[in-house]
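Subject: Structure handover

Hello,

Here is the structure we discussed, with notes on what turned up in it. Please read the notes with the coordinates open.

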Amino acid sequence: MRTSRTTLARRAIGAAAGAILSFGLLTACGSDGGSDEDAESAEDFDFTCPEREDAERAPDEEANENTPFVFGTPGDPSSLDPVFASDGETFRITRQVYDTLLDHDCTEMVPGLAESWEQNDEGTEWTFHLREGVTFHDGTPLDGAAVCANFDRWNNFTGGYQSPNYTYYYSKFFDGYAENDPEMGIEAETNYAGCEADGLTATIRIHEYTANFPGAFSMATTAIVSPGSLEQITDDEVETADDPLPEYTQTADVLAGTGPYQLAEWDHSGQAVTLERFDDYWGETAEVKTLIFRTISDENARRQALEAGDIHGYDLVAPADVQPLAEGGFQVPTRGVFNILYMTYTQGHAPLDDHTVREALSHAVDRQRIVDSVLPPGGTVATQFMPPSLEGWSEDVVTYEHDPDLAQEMLADAGHEDLTLEFCYPTDVTRPYMPAPKDIFDIIASDLEAVGVTVEATPITWVEYIPTTRSGDCPLYLLGWTGDFNEAYNFLGTWFATETTEWGFDNQAIFDGLAEAAAEPDPSVRAEHWAGLNELIMEELPGLPISHSPPSIAFAPDVYPMDVSPLTQEDFSQMYFAAE
Amino acid sequence: MTPAKIEKLERLVEAGAQARTAESGSLWRQSFRRLRRSPMAIAGGAIVGVFVLVAVLGPWIAPYDPTAQRWGDEVFLNRNVFPGPRAENWFGLDHLGRDMFSRMIVGARQTLLVGVVATLIGFAAGAAVGGTAAAAGTFGGRWGQRIEAVIMRAVDVALSIPMLLLALSVAALLGPSLTTVMIAVGVAQIPIFARLLRGSMLAQAHSDYVLAAISLGVPKGRIVISHIFPNSLGPVIVQATLVLATAIIEAAALSYLGLGNPDPGNPEWGTMLADAQRFLSGAPQLAIYPAVGIIVTALGFTLLGEAMRESLDPRLRRQG
Amino acid sequence: MLRYTVKRLLQLTVALLGLTLLLFAWFKALPGGPENRLLPDDATDQQREALRRALGLDEPIWTQYVEFLGRIVRLDFGSSLSSGRPIATELADRLPATVELSLFAIVIAIGVGIPLGYLAARKRGSWLDFIAVSGSLIGICTPVFFLAAMLKVVFSQNMGVFPTFGRLTPGTGFTEVTGFRVLDGLITGELDVVGNALVHLVLPAVALASIPLAVITRITRASVLEVLGEDYVRTADAKGLKPQTIRARHVMKNALLPVVTVIGLLLGSLFAGAVLTESVFAFGGVGSFVYQATTERDYPALLGFILIIAVSYVVLNLLVDLSYGFLDPRVRVRS
């Protein structure tokens with residue numbers, strides 16, 4: 001998930017989509033003969049969807065009807081029309097209100113509004129058979145025409161709406177629009193070839209297959225909105241990329257979806273969005289009648305609010321708070337691991353273009369200490385640029401153990417005993433993959449100093465952090481990624497598809513390999529490509545993968561929580577106040 | 001300009017002028033004698049003395065390197081494990097396994113530095129502005145008086161804007177760093193010093209010795225620089241002491257707003273306090289040490305400054 | 001008086017123009033510029049250029065300044081980068097919360113400060129005096145955000161007496177009339193809302209009141225002490241007036257003048273405190289908004305906010321000046 005103009009990093013939680021449940025991992029780790037250590041690490045790795053240990057509890061009807069459930073969020077949503085959003089705070093809310101064609105159970109792709117779906121061999125024609133008897137909150141029924149109306153609407157966006165500023169994900173999946181506006185800087189032709197509706201069937205065609213499909217159909221941004229409610233919109237389309245979002249995206253009384261909850265109110269100054277249960281929901285009706293998402297941006301304040309009983313749950317729990325909360329009787333389910341934290345060696349800065357130097361620095365860093373003391377329990381040291389739960393993760397990559405003596409030796413060999421390096425880190429943010437950037441920086445910096453490197457600390461605010469690191473100004477910097485997709489392309493393709501200033505390396509074998517893999521419609525063939533590419537990348541060593549770690553979510557003792565999702569796509573209709 | 005602020009400043013000016021113009025500076029001596037008897041001054045002086053001593057000697061008396069993560073493997077901030085006070089670490093460890101006692105000791109120096117530099121910035125720029133205004137108004141003729149009026153009006157406008165807002169604007173411009181905090185807090189003090197110094201200099205300008213110097217034909221520039229200016233400094237020093245306390249507190253507030261020194265290498269109390277807010281539930285001691293440090297130090301400077309002002313102020317003196 | 005007023009108004013205009021110029025320069029000099037904030041992580045150079053053109057960043061500087069002035073006059077500060085909503089709307093939405101909080105804080109500060117200062121002066125040297133003086137000194141020296149956070153840890157997190165955030169328990173039904181929750185509750189007769197809002201106000205208001213309370217206590221004390229030493233009080237005493245009469249007619253009446261002046265002017269410190277306390281209590285007022293804008297580098301929001309506060313302060317001061325000129329002829333002559 002990217003950080004949009006409307007998204008503060010600390011609010012963004014990765015949302016993801018994907019199709020493949022990975023089994024490769026257990027075999028990978030167990031193949032060495034299953035010593036105790038191996039078994040333990042295998043357990044760490046199979047963290048995608050741990051079994052729930054708590055018993056099911058009976059709902060407290062009285063409380064569910066009369067007590068609003070208040071959930072503390074790190075940030076405000078940006079838009080109630082999900083197509084204009086790209087941040088987790090918006091998606092958390094819109095996912096309760098609008099349904100997508102496809103959905104996830106854990107990381108597995110399952111039916112959503114589409115009961116079943118099929119694709120042609122080239123992966124260019126996707127046919128969705130919709131559920132019967134689904135109604136929108138405004139009372140109109142769902143049919144194929146409603147689905148096509150949404151896709152056609154997006155494709156026909158004009159003016160400012162074409163700016164990635166508004167429709168980041170749509171332009172990422174479909175490249176362009178029916179008529180590209182030259183002002184918006186989009187050059188690629190649209191990959192959307194049309195949509196045909198026939199009763200409860202909708203067929204969506206694209207020109208060329210990319211590994212973004214079918215994941216794109218499960219993204220919160222491609223949720224289906226009632227065409228009738230879309231007609232209620234009276235706002236003009238925005239003209240420039242600078243205009244604020246239209247008024248209708250900021251009020252709760254325009255749009256209607258098919259989800260278990262409907263929009264009731266958005267109190268901007270009170271920083272709260274209220275949802276009401278939709279009683280004609282096609283699936284199982286929610287227990288809790290009123291659901292309120294209240295922004296409390298400070299993580300310690302969210303914990304205090306939960307402990308004081310002011311809220312009933314919150315997200316982005318600081319790792320240090322997990323244990324005290326659990327001891328206090330609160331429930332702190334941990335999500336599966338679906339992210340990566342890394343440190344980049346920007347090769348535009350000598351001597352980071354020297355492979356020996358990169359290798360030496362990699363040996364200098366004690367990643368295990370970061371995992372043990374800063375990251376939430378359940379995290380693991382990363383060996384490559386994607387989490388082990390993904391198809392295409394390789395056990396054969398080169399690894400770089402913590403060995404300060406070796407590091408010092410290698411630096412000496414390379415003629416860089418007294419190296420000085422600038423090291424950037426973000427200041428005003430926590431991310432699901434990076435709970436305390438400054439502390440992680442501190443630990444790495446002291447490790448580097450221990451092998452004789454002089455570290456120049458360069459703290460940068462999050463807003464300026466991304467542009468600065470992207471422009472290649474930081475020789476060393478910390479960054480990470482939470483998957484949008486259960487698909488390796490969503491990780492590797494984000495960074496290594498072409499030569500960039502933020503990495504500063506030119507390795508044609510990697511670039512070509514990625515392009516070839518992304519166009520391959522067969523997932524198992526693709527996975528082989530990814531594995532080979534991971535090995536190639538770790539040989540190149542463009543940066544040091546640090547960790548994969550599981551973010552937590554917290555609930556009051558009297559709540560029966562929903563199943564947590566490694567893709568952070570929790571379904572709030574599953575959760576309720578439980579009777580004792 | 002807030003009348004209350006103005007009145008306070010003007011009283012200080014008046015007091016300073018009286019002290020200076022009285023015969024052979026005996027009022028100054030009297031003031032100092034009163035100061036030595038005042039319990040406020042003694043308490044304030046003691047605190048400031050200890051603080052300055054620690055700040056100056058910090059690196060030599062700190063038992064360990066305050067930046068070394070020497071006990072890094074004993075702290076688990078993801079599990080709230082922070083070893084508390086013990087024989088080798090009197091104040092326990094911070095969240096990265098650094099000796100808290102050493103950090104507090106060495107942090108005193110940074111904290112003092114922030115206060116002093118911010119005050120100096122405010123003073124220097126304020127002196128330039130206020131001094132120019134006073135000099136122009138006194139010796140610049142009709143145009144000079146107009147210049148003075150414009151400058152002082154601008155100062156009044158600046159004085160009326162909340163200090164934090166001024167600091168915030170400066171900090172937004174410069175990005176977060178310790179230098180930013182110093183400049184931001186310093187800039188916010190400029191109008192105070194400008195007003196004070198102008199008043200003080202005007203009072204001097206009308207004194208007998210300046211009139212005498214003028215009649216003797218001493219160049220005006222020289223009168224301003226070598227007589228009026230140095231003789232106007234008394235009240236400014238008192239104000240500077242008070243501003244130091246404010247600067248230390250404001251610096252902490254700016255750190256809390258994320259505009260302070262984000263570099264964890266050098267310990268500074270304001271940064272430490274702001275950063276420790278996130279451990280308030282699990283490890284409140286990390287916040288309480290720097291908080292107590294800041295409160296006590298600010299108290300010391302305030303006590304000393306107030307005592308100095310009282311001993312200078314003829315009206316307060318009258319109450320005995 | 002007319003001449004004085006006209007002169008002051010002229011000065012005000014010049015001051016305000018200067019202010020906008022300064023703010024414009026400030027806005028232009030901000031690091032990064034707005035385009036980086038608006039663009040996605042992986043924007044191309046073409047997108048960058050397109051946005052610059054769309055924002056008018058390629059026009060001559062004086063055109064941009066005139067445009068800037070025009071927008072200020074229309075109260076159009078653009079939209080907040082973090083919420084996407086017009087800044088004028090954001091501020092208008094949040095103002096009642098901050099005003100309500102500030103009023104409660106000042107009520108606490110006056111209600112406690114004046115009696116405390118008076119008693120401290122009457123019993124000079126007593127333990128009460130000592131507590132008042134040292135307490136107010138410590139109050140001035142305690143960082144507001146730390147005090148607020150400690151209050152929350154003790155009274156909300158540990159004792160569970162007061163709520164940790166907000167103006168009302170989320171989900172409380174209420175009828176919006178003025179935006180002031182307590183007042184609205186009284187108007188509509190929703191007494192549960194009044195109680196709920198009051199409970200939410202206690203901790204933030206106490207934290208916010210700390211500095212004004214300290215200042216008011218000290219000023220009252222000093223001012224009462226000064227008046228007690230005045231000749232007319234001694235005369236009254238010598239005349240054999242009852243102590244109560246002296247206190248009410250002479251001491252309090254005269255001692256309160258400087259206190260009243262100060263109270264009107266504590267707004268500045270109240271505002272600064274509001275930014276810090278509101279953020280601790282996620283209060284949802286202007287202070288929270290500024291805190292958010294600061295940490296997110298939402299410059300347009302900061303700009304609009306600074307401008308509004310600065311202008312209202314300048315205007316407020318003009319009014320104070322004018323009323324002084326009106327009440328005290330000496331001021332007019334001096335100016």
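In chain B, helix H6 (residues 163-174) and helix H7 (residues 178-205) have axes that come within 8 Å and cross at roughly 145 degrees. This is a predicted model, and the crossing of H6(B) and H7(B) in it is right-handed. On the H6(B) side the contact is made by B:Met163, B:Leu166, B:Ala167, B:Val170, B:Ala171 and B:Leu174. They meet B:Thr180, B:Ile183, B:Ala184, B:Val185, B:Val187 and B:Ala188 of H7(B). By residue class, the contact of H6(B) with H7(B) has eleven nonpolar residues, one polar and no charged.

Now to the sheets of chain A.

The four-stranded sheet of chain A is open, with the order S5-S6-S8-S7 and antiparallel pairing. Strands S5 (114-119) and S7 (192-198) of chain A are at its edges; each has a single partner strand, so one side of each has no neighbour in the sheet. On average, neighbouring strands here are turned by 15 degrees against each other, direction ignored.

Within this sheet, strand S6 (residues 125-130) of chain A runs antiparallel to strand S8 (residues 201-206) of chain A, and five bridges join them. A:Glu125 has A:Arg205 in S8(A) as its bridge partner, while A:Trp126 stands opposite A:Ile204 in S8(A). Helix H5 (residues 144-155) of chain A packs on the sheet and touches S6, S7 and S8 of chain A. The direction of H5(A) makes about 160 degrees with that of S7(A).

Which residues of S8(A) are on the covered face, and which on the uncovered one? A:Ala202, A:Ile204 and A:Ile206 are on the covered face, and A:Thr201, A:Thr203 and A:Arg205 are on the uncovered one.

The hairpin of S7(A) and S8(A) has two residues between the strands, and A:Gly199 takes a positive phi near 60 degrees in it.

Chain A also has an open sheet of six strands, in the order S14-S19-S13-S17-S15-S16, with mixed pairing. Its edges are strand S14 (380-381) and strand S16 (454-460) of chain A; each has a single partner strand, so one side of each is left without a neighbour in the sheet. Strand S13 (residues 339-345) of chain A pairs with strand S19 (residues 543-548) of chain A in the antiparallel sense over four bridges. In that pair, A:Tyr342 stands opposite A:Pro545 in S19(A).

The loop between S13 and helix H10 (355-364) of chain A contains A:Leu352. Is A:Leu352 buried or exposed? A:Leu352 counts as buried, because it has 22 C-beta neighbours inside 10 Å and the cut-off for buried is 20 or more. Not counting residues up to four places away in sequence, A:Leu352 touches A:Tyr345, A:Thr346, A:Gln347, A:Val357, A:Arg358 and A:Pro475. A:Thr285 is 67 residues from A:Leu352 in sequence, and the two are 57 Å apart in space, C-alpha to C-alpha.

Regards

Definitions and conventions:
Residues numbered from 1 in each chain as written. Chains lettered and ligands numbered in written order. Predicted model: local features only at pLDDT ≥ 70, side-chain atom pairs only at ≥ 80, totals over all residues. Pairing = 2+ DSSP bridges. Axes fitted to C-alpha atoms, helices over the stretch in contact; angles between N-to-C directions. Contact = placed C-beta atoms within 7 Å. Buried ≥ 20, exposed ≤ 12 C-beta atoms within 10 Å, placed from the backbone. Left-handed = near helix turned anticlockwise from the far one by under 90°. Nonpolar A, V, L, I, M, F, W, Y, C, P; charged D, E, K, R; others polar.
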